[in-house]
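Okay, thanks everyone for coming.

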Amino acid sequence: MELVSGQDPHLRVVVWFAVCCRALTLLLQAKSLLDFNPLFFFQALFNLLIPDHAADAFSPPRLAEPGPWDLLVERLLGGLSRWDAEHFLFIAERGYLYEHNCAFFPLYPLSVRAAAEAALWPLQPLLRVRSRLLLSAVLLNSLFSVLAATALYKLGCVVLRCRRVAFLAAVLFPIGPANVFMAAAYSESMFAFLAFSAMWQLEKGQTWLSGLLFSLASGVRANGLVNAGFFLYSRGKCFALQLQVGSGSVRKLPPLWKQLLSVASSVVLMCAGIFLPFALFQYYAYVMFCGPGTGLELAVPKPLLQLALDKGYRLAAVNGAKPPWCSQRFPVVYSYIQDAYWNVGFLRYFELRQIPNFLLALPVTLLGLWAAWTYVIAKPRHCLTLGLERRKSEEEGKGRAGFCCAAVFVYVVHATVLLAFGFFCMHVQVLTRFLGSSSPVLYWFSAHLLQEHEPLLRSEGTENRTVAPRSEQPRLAKSPGSCGNGTSENPVVRLLTSYRLITPLSKCILGFFLSYWLLGLILHCNFLPWT
């Protein structure tokens, strides 16, 4: 992907703003240099008022004494190694030693280890493996978050056919409510980059490249499997529209059956490619935990063996009783871990004591429901026909541009499915990062609301909402009055510098994004529960 295009100043702004926001995030979470820069006053105050919480979370012992450079890395970046980051860093260092580590997919820790061994190889004499892995994770996530912002911008330009809204959505991404997880040693940044890039390539017609990126995404997070729906819908829509073209004439059955066979075979092949990483990983876990013991426990350091005894963790390749999931007809370790270790399941989180977590998820839930409702109200017939009805106005490029255009339908469905599944079947507080790293709708709809209801942005001129077909977009982009054109000034910066003048709705949206960014840094980096 080309990061910066000399012909697109908007993309340069997106990249620069994403880099600045990532740098600011890293600075604010640091526990060192607090006495040297006034920017760190509040972080120092929070560290004094809110000490690191003694959470009952996975925290393996450090087996080697840290050196002075390791201590410096820990003070600078240690806030990004909390909670699930401990799993990713442990897997990158030791592999899948404990059973519950298998809830975290391998592509991200493998990438972190590869970068630590290759790019950071000169630092071996100075830093222990753990420190190099943490530094590698932070650098990779900084890169992936910038790439994800650029992919979101490119995807928005193609789908929304409105450069202005796509630009605003892309500069909202770096200050998103899941920002801390995009910086920490989590897989969200890598997944967002792969998912948004795959969606962009699919919209451009690059089916095989899109399939490869979707397949890689499913090796990063389990919800990457849901992305197979984009292929199903894309191929199904093409087939349905082609049938409607020939509905006025008599069609011969052989060509129709050949066409149907071609669509079915391509869908099966692509979906198989997306499911392959998941299947291979489940097979790997089966061999490790259900196969005959290899005496691997003899090579495990005693502190890690003791941790397994103290916490009840099941070790890989150990002789003895096999886990219960090994005897299932379809032995899937991922679903077993979610059930047995974290009590994840339908309505299991609906308890009075979880009300605070439901309140944490309330803003993103309301935003997601509002987005779906807005789209259904704007295009009821399109939703009822699942977007499979051929319409002449859309073929000629006379349809609406922006969030309520026809092409957004499948993305709204995707986001709504994720929202419903996360709300009813998962730990609800993770909805913010779950949607923020998986769906562009959160950013597109926020940008839509700001663009439609904020006078400071409307005053730039968005009267012309009719756009040309996608094939004519390069010519359209040169038209100063088009929906997708306009100033390359960062709209988020403009709104923030005029915060007292903007509408209450704009204040709510920006307040949600920025407050969750700041609260995430304060709480997550101090090992306190967060989304």
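Before I quote any percentages: helix here means a DSSP run of H or I with at least four residues, and strand a run of E with at least two. Also, keep in mind that what you're looking at is a predicted model.

Let's start with the annotation. The unreviewed UniProt entry marks residues 133-153, 165-187, 207-233, 260-285, 358-378, 399-424 and 508-530 as "transmembrane region". I'll pick two of those. Residues 508-530 come out as 74% helix and 0% strand, with 20 Å between the end C-alpha atoms. For residues 133-153 it's 100% helix, again with 0% strand, and the end C-alpha atoms sit 30 Å apart.

Now, helix 6. It runs over residues 129-159, 31 residues in total. From first C-alpha to last it reaches 43 Å, close to the 45 Å expected at 1.5 Å a residue. So is helix 6 mostly covered or mostly open? Mostly covered: 27 of the 31 residues are buried. Just past its end, Arg161 has a positive phi, about 55 degrees.

On to the inside. How many residues does the largest nonpolar core have? It has 151, and Leu172, Phe173, Phe403, Val408, Tyr411 and Trp444 have the most contacts inside it. Helix 6 is the top contributor to this core, giving 18 residues. There's also a second, separate core of 10 residues, including Phe90, Leu307, Ala308 and Tyr313.

Last one, Leu172. Setting aside neighbours within four places in sequence, Leu172 touches Tyr443, Ser446, Ala447, Leu450 and Val492, plus Leu510 and Phe513. That's me done, thanks.

Notes: Residues numbered from 1 in each chain as written. Predicted model: local features only at pLDDT ≥ 70, side-chain atom pairs only at ≥ 80, totals over all residues. Heavy atoms only, no water. UniProt positions renumbered as here; feature names shortened; annotations may be inferred. Expected span 1.5 Å × (residues − 1). Buried < 20%, exposed > 50% of the residue type's maximum accessible area, 1.4 Å probe, protein only. Core = buried A, V, L, I, M, F, W, Y, C linked by side-chain atoms within 4.5 Å. Contact = heavy atoms within 4.5 Å.
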